[in-house]
Amino acid sequence: MLTVAFDCPADPVIEQLQAQLDQLTCPTRDSLVQLSVPVATMPALAWLQAQTNFPKMYWSSRDGNLEASAVGSIDQWWLDQTEAKRAQWPRLYVGEVAAEWRYYGGHGFQPDDAHVSELGGNRLHLAQWEYRRDDEKSWLIFNLLLQPSRYQQQLVQARKALLQLKAAQPIPPQQLTIDQQQHSPNYDHWQQRVLQLTSPAQQQRTSKVVLCRETTLQVAQLANPWGLLDSWQAQQHGCYQFGMQVAADKAFFGCSPERLFLRKKYQLYTEALAGTCARGQNQQHDHILAGQLLNDRKNIYENQLVADDIELQLAGLSQQIDIEPEPHLVPLAQVSHLCRIISARLNPQVTELELLNALHPTAAVGGLPRQSALHYLAQHENVARSWYAGVFGMIGEDRSEFCVTIRSMEQDGQQLRLFTGAGIVAGSDPRTEWHELNSKLKSAMSAVQS
Ligand SMILES: C=C(O[C@H]1C=CC=C(C(=O)O)[C@@H]1O)C(=O)O
Ligand SMILES: [Mg+2]
């Protein structure tokens, strides 16, 4: 648990932002305006949990170089409006050092899931407040929407909102007591599903389906999701971290190793991440398990199907696709995965929406062929996936990046829903796949039990 005590220079920051506000003049049309002040780097989650408004959002890139905590939402849209939005982003920077416009958000496994909308999903948000760190540089950003007809009123509101900024507070330690824990499906149902999916008749129709399990925990206290994410990220390196909190007791968050895509202009980076083993109990054991995974036919096949699908999906959108010929090992805290890096040179007019439609859901969370796997899941899977196995990320001016929301949990009051899934292919054994779920579950449990 993070307990760093530090001072956020809230007052000088507010003064600088107020001075920037004083320089504004009434715009001639509706405009988004960004005020920004460079600040010393601070613990982003400690800042986020100290703020009092909702929604609160958090996003960290997998290499940890980009990190953002965001509060409030003053503009929302979805990817079908990307081009129009980008064209509109007025460069009305007032801040000393202009920071890029960035919107954060994502959608669930089903892109139109109503429950995910209630959790702040199915849209991208421009936050009112954002603490952002890009490598070594950090900013506090205050965004506002100005409309000529309401300009004076909006300035008054903005001045009030500036005074609401809170200094970062150390995250209080929390000890959660688990009163009840339940898996859905239970092992018997899981076994039936896996046997059905691996039957020759079913394999002819659908060579891969990723089945998920929901583990419901009833806890005795109301958890602070940012405290949980803070403990979680301390133990998980090489993962994206994300979270959305819409009320004191409602949040979705996680630590995911899987990239959906990173786009920098025409360059696209994605990957096939599938195939899993547990980490060993010591170095020697770990080495043996890793060697077995790299040579295991079922796991290599499971990974290959994801790579093949991504290649197929990107074919119409790219001039060139490069796929790592052999999977490499990605060691995480509790499991290791097989991964093949895929990069592509995109055709000039390709939009983020096209990329998302092409790539989501990959065969690492859905299956193959995609439509028949989705059909199977709709008919047989009794878990409401909600935001699990969906996407979370950000869109900026020159860069967009989304992760796949696996290794995630949803908080609803004192109930926590933890999600895990496993790819079922020819050669999958019900018990081995069940153990794979248990190994993956240890990631989220490490946050709850720390
Ligand atoms: C669906 C999940 O993991 C995917 C990503 C990596 C490895 C996987 C596997 O080996 O089954 C899954 O495809 C999950 O963790 O819930
Ligand atoms: Mg697997």
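Tutor: Lys208 lies in strand E10 (residues 208–219). Helices (H or I, at least four residues) and strands (E, at least two) are DSSP runs, numbered from the N terminus. The model is predicted, so to speak of local features needs pLDDT of at least 70, side-chain atom pairs count only at pLDDT 80 or more, and totals for chains, interfaces and linings use all residues. Residues are numbered from 1 along each chain as its sequence is written, while chains are lettered from A and ligands numbered from 1 in the order in which they are written.

Student: At which residues does UniProt place the feature "active site"?

Tutor: UniProt positions are given in the numbering used here, feature names are shortened, and annotations may be inferred rather than shown by experiment. The unreviewed UniProt entry places "active site" at Lys208 and Glu258.

Student: Is Lys208 buried or exposed?

Tutor: Count other C-beta atoms, placed from the backbone, within 10 Å of the residue's own: 20 or more is buried, 12 or fewer is exposed, and in between is partly exposed. Lys208 counts as buried because it has 26 C-beta neighbours inside 10 Å.

Student: Where does Glu258 lie?

Tutor: Glu258 sits in the loop between strand E12 (250–256) and strand E13 (259–264). Glu258 is buried too, with 25 C-beta neighbours inside 10 Å.

Student: Which residues is Glu258 in contact with?

Tutor: Two residues are in contact if their C-beta atoms, placed from the backbone, lie within 7 Å. Neighbours within four places in sequence are left aside; Glu258 then contacts Leu273, Ala364, Cys403, Val404 and Ile406. With the same exclusion, Lys208 touches residues including Glu302, Leu305, Gly423 and Val425.

Student: How do helix H6 and helix H13 cross?

Tutor: Axes are lines fitted to C-alpha atoms, for helices over the stretch in contact, and angles run from 0 to 180 degrees between N-to-C directions. The axes of H6 (residues 187–197) and H13 (residues 430–448) come within 9 Å and cross at roughly 120°. So H6 is oblique to H13. Under 35 degrees is roughly parallel, over 145 roughly antiparallel, 65 to 115 roughly perpendicular, and the rest oblique.

Student: Which residues in H6 and H13 meet?

Tutor: Tyr187, Trp190, Gln191, Val194 and Leu195 in H6 meet Pro430, Glu433 and Trp434 in H13.
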